[in-house]
Amino acid sequence: MKKIMALLLAAACFLMSGCVRRGYRVVFDPNGGEVLSGETEQRVAPGESAVAPLVEREGHILHWDGDFSAVSGDMVVTARWEKESCSVEFELGGGVLLAGETRQSVPYGEAAVPPEASCGRRSLRWEGEYSCVRADTVVTARWEKTAADGAELAAYLNGCTARLRITSVQGGESAGTGVFVRPDGVLATTARTVEMMESAEAVLSDGRTFPVTEVLCVNRAGDLALLKVAAEGLPFLVEREGDSSRAFTLTEGALAELPRPERREGESFLRGERAGAERGGAIVDEYGELLGLWSGSRDWDEACPAVDAETIAAAVDSAGAGTKTADWAEKVRSELEESYSPRDTQGNYHYSLLRTYQSVTGAECLASVDSEGVQTGYVDCCDHYVYGLDEGEAERYAAYLTEQGFTCRGEEHFAQGSSVYYGDERSGLLVDLFRSNGGELWIWVSVEE
């Protein structure tokens, strides 16, 4: 019996010594990865750590799913693969984002979702691989132009045009025209159309009406205003790119072809034959892309001024936070209080935003003169106004007139002194700065015939 017990004890010791000597079995499963070095099957002494092999899989990050730092039994450790993230950037190439994201993080081997974008009538083609992304990628929009026939061009241009119904700060009503230059309701029109605006609404060609909520930009010298209309997803015009040979405009909703407007030497705006189109209406080429915006009054069909598309595009790009319509109206009222009221040839006085000499220079108005006589100080709606002559102040006011879009029409000499004339053909205002021999400056402001 003792002999049998000794044999059993010896066998147990032998088996135990074998376990200690051989250790626990640890298997590393690469789970689709490639083993670069190391062993996938190992014997590890109790309490010791296994050494993971070097395994990789393209486009993936490795995570082992078990703890093999203190082995206490046989185990299988499996590789878990997480897809790497790839950066995909969609460059719009001059287009405007409508929906989606231009920068995306995409799991390796999966597809990015191209954003929705627009660039006027141009068709969009994406250049670059985004259906199976395997690396950081840039995908670029390529915009292709196609000429339109007359009916298609007229329909598109009408869709981009809005009629403005305007209530002025004096309570009167007027109408104007503008064109959308961004799909989120940015509308380009003339500065003269909105300079007295209390409120306005834009009426689209399909009859929908939206309020004007903000004034984004007003450039009186360039006769350009940008308004924000409470609408999204609208058709819009983009600045012409490349060569085009033809020009079109709308006349009461109908398409009219006209000679292409040109720029005269020394002038910042275009001139062309407008064929009765509305002020604020668009001039486009055969692709439906913007050449300019009519500036002069409706009956001005020969050599009519127009704001060029480059000026409009620059204003859109640089426009900052807008002014709420109500705040704009308050600003206009404030300006009216310190502006001249010009007289027309029938003796009627009109509102204007042409600031008085004293509001620009700080000079004192000595007298206001009309048919009834001379009144001391400044009195609105008079024939002309008298100031003490200070050449520095006079030059400052002349610079202000130039900033407002006036050009010097020349000078004329008289026995009592000399006049320098400044005119703005788009507003029809004429300013006469008369330097008297007696050391006074007399100012006439009138509406040209």
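## Strand 17 and its partners

Strand 17 (209-219) and strand 18 (residues 224-229) pair in the antiparallel sense through six bridges; strands count as paired if DSSP finds at least two bridges between them. Helices (H or I, at least four residues) and strands (E, at least two) are DSSP runs numbered from the N terminus. This is a predicted model, in which local features need pLDDT of at least 70, side-chain atom pairs count only at pLDDT 80 or more, and totals for chains, interfaces and linings use all residues. Residues are numbered from 1 along each chain as its sequence is written, and side-chain values use heavy atoms, with hydrogens and water left out.

Val-215 stands opposite Leu-227 of strand 18. Four residues separate the two strands in their hairpin, where Asp-223 adopts a positive phi near 50°. Strand 17 is also joined to strand 16 by three bridges, in antiparallel fashion, with Ala-202 bridged to Phe-210. These strands likewise form a hairpin with four residues between them, and Gly-207 in the turn has a positive phi of about 95°. Two antiparallel bridges link strand 17 with strand 26, where Lys-324 is the bridge partner of Glu-214.

## Helix 5

Helix 5 (residues 325-336) comprises 12 residues. Its buried residues (under 20% relative accessible area, 1.4 Å probe, protein chains only) include Trp-328, Val-332 and Leu-336. Seen down the helix axis, the buried residues fall within an arc of 120°, taken from the directions from the axis to the C-beta atoms, so they line one face. They pack against helix 3 (191-194), strand 16 (197-204), strand 17 and strand 26 (323-324).

Key. The expected span of a helix is 1.5 Å times one less than its number of residues. Buried means under 20% relative accessible area, exposed over 50%, partly exposed in between (1.4 Å probe, protein chains only). Contact means heavy atoms within 4.5 Å.
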